[in-house]
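Visitor: I would like to go through the disulfides here and hear the reason for each label.

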Amino acid sequence: MCACVLLCQRASIGRLEYNPSLKGNNWWLEYEEGIRHYSKEALNKEFPEKTRPVSFKHPEFQCPDMSPSPSVPSSVEFVKAADIKVIAALGDSLTTAIGANATTVLGIPIEFRHVSWSIGGYGTFQDVITLANIVKIFNPNLLGAAPGKTIHGMQAHISETGFNLAVTGHNTFNLPGQTRHLIDTLRGYEGLNFEEDWKLLTILMGMNDICDYCKDKALFSVDNFIHYVTLSLEMLMNEVPRMIVNVVQILPMKTLREVRKPTPGCLLQRSFCSCLIEPVAESPELQELVEVNLEFQTRLEELLYSDRFFKRDFAVVLQPFLKHADPPRLPNGKIDMTFFTHDCFHFTIKGHEELAKGLWNNMFQPEGAKMVVSSFSDPIPLLCPPVEHPYIFTRPIAAMSGQPPLQSDAPVLAAILLLLLLHVGLAHLRCM
């Protein structure tokens with residue numbers, strides 16, 4: 001009966017076509033099989049507290065400096081939040097925000113892109129905290145924020161996705177394809193100045209590789225992960241001017257095994273991440289996966305804590321706030337399930353908002369001094385861009401050559417003026 005309901009949901013979409021995942025095991029079919037044996041009554045009893053009251057509003061967010069630069073910056077080192085004209089995102093189900101505002105497990109196939117942490121454009125910051133909605137406070141005319149919902153496996157129009165081109169179920173080997181789709185979309189989008197507009201892209205990819213690692217250790221190896229990330233970033237650097245790319249460090253995934261509840265929905269964990277969920281505690285298989293997870297993080301740092309992807313109008317920045325993140329817990333130490341969807345794996349809006357705040361804060365912290373969240377149990381305070389450096393930090397330590405990055409244009413102009421005055425003074429002395 002439940003599978004019938006889902007198939008009816010598909011049929012109601014009309015013009016959308018079914019588009020199976022590229023993964024070998026089809027996510028949709030596994031989902032249908034996972035809930036086939038449960039009655040609607042049982043499914044509807046799950047997590048009634050998941051959705052947020054319509055009347056809920058966040059307090060306004062104001063900062064001392066919310067203005068754009070006097071002229072469009074030419075250097076990637078002097079881009080303020082208000083200078084960002086375009087926002088985009090690539091990734092997997094965490095970025096599609098699958099199930100994020102579902103009222104029952106039947107809503108898991110719905111991708112709530114409009115509340116996604118990195119690019120959701122629903123309402124305003126007061127309605128839901130996303131990176132896009134924060135940037136919209138600084139630039140209300142921001143292009144690309146995801147305006148609507150989609151359904152997994154269905155083709156969707158850009159009017160629903162915005163520039164959230166993430167695909168549920170994708171692995172890192174799919175990232176170059178997503179990247180090509182994004183470049184072509186940006187290049188041909190009416191109302192976007194491809195050459196002049198500053199663009200902000202967020203990428204989070206790799207968790208599905210770990211979830212599928214035991215199925216094909218060669219395909220989902222660390223070397224392949226780095227290869228496909230590198231290939232994608234090189235495409236962007238070679239083809240897209242005026243872009244800042246946030247690459248978000250992947251989670252330590254072992255603690256997700258603790259996200260449990262005796263409900264039908266939680267059985268879906270095995271469909272999403274069997275290589276993590278199925279091994280018994282302390283088993284060699286689980287220990288290997290933990291080590292691979294750590295190596296993914298380490299190799300990503302080695303790749304991006306360099307100046308390989310840094311030039312005058314382009315920069316890739318590793319944002320590490322998730323590196324040691326522990327799931328949110330209640331005072332008694334148990335997992336706070338209000339942060340997780342009915343499948344006990346993906347985040348609700350509550351979780352997405354914490355990711356958004358962590359990412360925003362990292363953007364305005366220099367490499368080596370970026371916040372790393374130890375636990376999501378306490379809400380992350382949202383920070384304003386520092387008054388002394390209101391720009392997104394993009395210069396890697398490896399590119400400094402022993403010199404500190406310039407904090408603003410003013411010191412440069414002051415230094416030039418001082419040199420000119422000294423030159424005039426010396427010339428005057430010679431004439432005396």
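Guide: Start with C211 and C273: the link between them is left-handed, with -90 degrees about the S-S bond. C211 sits in helix α8 (residues 207-211) and C273 in helix α10 (residues 269-277), 62 residues apart, so the pair links distant parts of the chain. The model is a predicted one.

Visitor: What makes C211 and C273 a disulfide?

Guide: Their sulfur atoms are 2.0 Å apart. The cut-off is within 2.5 Å, so the pair qualifies. Both cysteines, C211 and C273, are buried.

Visitor: How many disulfides does a search of the whole structure find?

Guide: The search finds 3. One of them joins C63 to C384, with the sulfur atoms 2.1 Å apart.

Visitor: Why is the disulfide of C63 and C384 called left-handed?

Guide: Because the torsion about its S-S bond is about -90 degrees. C63 lies in the loop between α3 (40-43) and β1 (84-91), and C384 in the loop between α12 (349-363) and α13 (409-431), so the pair ties together parts 321 residues apart in sequence.

Visitor: Why is C63 called buried, and why is C384 called partly exposed?

Guide: C63 has a relative accessible area of 10%, and buried means under 20%. C384 has 27%, which falls between the cut-offs of 20% and 50%, so partly exposed is the label.

Visitor: What makes the disulfide of C214 and C275 left-handed?

Guide: The S-S torsion is about -80 degrees, so the disulfide is left-handed. C214 is in the loop between α8 and α9 (222-239), while C275 is in helix α10. C214 is partly exposed at 47%, whereas C275 counts as buried at 3%.

Notes
Residues are numbered from 1 along each chain as its sequence is written. This is a predicted model: local features need pLDDT of at least 70, side-chain atom pairs count only at pLDDT 80 or more; totals for chains, interfaces and linings use all residues. Side-chain values use heavy atoms; hydrogens and water are left out. Helices (H or I, at least four residues) and strands (E, at least two) are DSSP runs, numbered from the N terminus. Buried means under 20% relative accessible area, exposed over 50%, partly exposed in between (1.4 Å probe, protein chains only).
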